[in-house]
Amino acid sequence: MVEGKTSSGIELNYVKALNVVRIIQEAVTNAIKHSAPDIIKIQSSEKNTRWLLEVSNNGNGFNYDEIKSKEEGNGLKNMQLRAKDSGFEIHIESEKTSETKISLLI
């Protein structure tokens, strides 16, 4: 499910636009591969004149600190690296007993 809209005034160069696509793609791929969700939702909105993209799913969550400490989760690391390289903010929220939400502020 995709919802929302964004300001038409936001422009990204090729590298940043590609990083947005890859981050969202990885978030959806991870949900399908690891969470067994019934719903994956991509929401687009504007927050303080910036573009906010959120990918959430209602499947099985995970303990993010545990994954980081085991040096697992290359997809999560790649999302964070792409966000950092482009000057975006990324937040990953998940617990084993709840949904996962990845927020990207552009």
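In which kind of crossing does H1 pass H3, left-handed or right-handed? The model is predicted, so local features need pLDDT of at least 70, side-chain atom pairs count only at pLDDT 80 or more, and totals for chains, interfaces and linings use all residues. Residues are numbered from 1 along each chain as its sequence is written, and side-chain values use heavy atoms, with hydrogens and water left out.

Start with the helices. Helix H1 covers residues 14-35 and helix H3 covers residues 74-86. Helices here are DSSP runs of H or I with at least four residues, strands are runs of E with at least two, and both are numbered from the N terminus. H1 and H3 pack at an angle of about 160°, with their axes 9 Å apart. Axes are lines fitted to C-alpha atoms, for helices over the stretch in contact, and angles run from 0 to 180 degrees between N-to-C directions. That angle makes H1 roughly antiparallel to H3. The label applies over 145 degrees, while under 35 counts as roughly parallel, 65 to 115 as roughly perpendicular and the rest as oblique.

Now the crossing. H1 passes H3 in a left-handed crossing. In such a crossing the near helix is turned anticlockwise from the far one by less than a right angle; if clockwise, the crossing is right-handed. From H1, the contact uses Lys16, Asn19, Arg22, Ile23, Glu26, Ala27 and Asn30. From H3 come Gly75, Leu76, Met79, Arg82, Ala83 and Ser86. Contact means heavy atoms within 4.5 Å. The residues of this contact divide into five nonpolar, four polar and four charged. Ala, Val, Leu, Ile, Met, Phe, Trp, Tyr, Cys and Pro count as nonpolar, Asp, Glu, Lys and Arg as charged, and the others, Gly among them, as polar.

Next, the interior. In soluble globular proteins, nonpolar side chains tend to be buried together. The largest nonpolar core here has 22 residues. A nonpolar core is a set of buried Ala, Val, Leu, Ile, Met, Phe, Trp, Tyr and Cys residues joined through side-chain atoms within 4.5 Å. Buried means under 20% relative accessible area, exposed means over 50%, and partly exposed lies in between, with a 1.4 Å probe and protein chains only. Val20, Leu53, Leu76, Met79, Ile90, Leu104 and Ile106 touch the most other members of this core. At least two core residues come from each of H1, strand S2 (40-47), strand S3 (50-57), helix H2 (64-69), H3, strand S4 (89-94) and strand S5 (100-105). H1 gives the largest share, five residues. Look at Leu76 again. Leaving out residues up to four places away in sequence, Leu76 touches Asn30, Phe62, Tyr64, Ile67 and Ile92.

Turn to the strands. Ser56 sits in strand S3. Ser56 is buried, because its relative accessible area is 10%. Beyond residues up to four places away in sequence, Ser56 touches Ile39, Ile40, Lys41, Glu99, Thr100 and Lys101. Ser56 and Ser103 are 47 residues apart along the chain, yet their C-alpha atoms are separated by 8.5 Å. Glu93 lies in strand S4. Its relative accessibility is 44%, so Glu93 counts as partly exposed. Leaving aside neighbours within four places in sequence, Glu93 contacts Glu99, Thr100, Lys101 and Ser103.

Finally, some exposed places. Asp85, in helix H3, counts as exposed at 59% relative accessibility. Asp85 and Leu104 lie 13 Å apart, C-alpha to C-alpha. Asn48 is exposed at 66%, and Thr49 is exposed at 67%. Most residues other than glycine have a negative phi. Asn48, though not a glycine, has a positive phi of about 50°. Phi of Thr49 is also positive, near 65°. The loop between S4 and S5 holds Thr97. Thr97 is exposed, with a relative accessible area of 76%. The C-alpha atoms of Thr97 and Gly61 are separated by 6.0 Å, although these residues are 36 apart along the chain.
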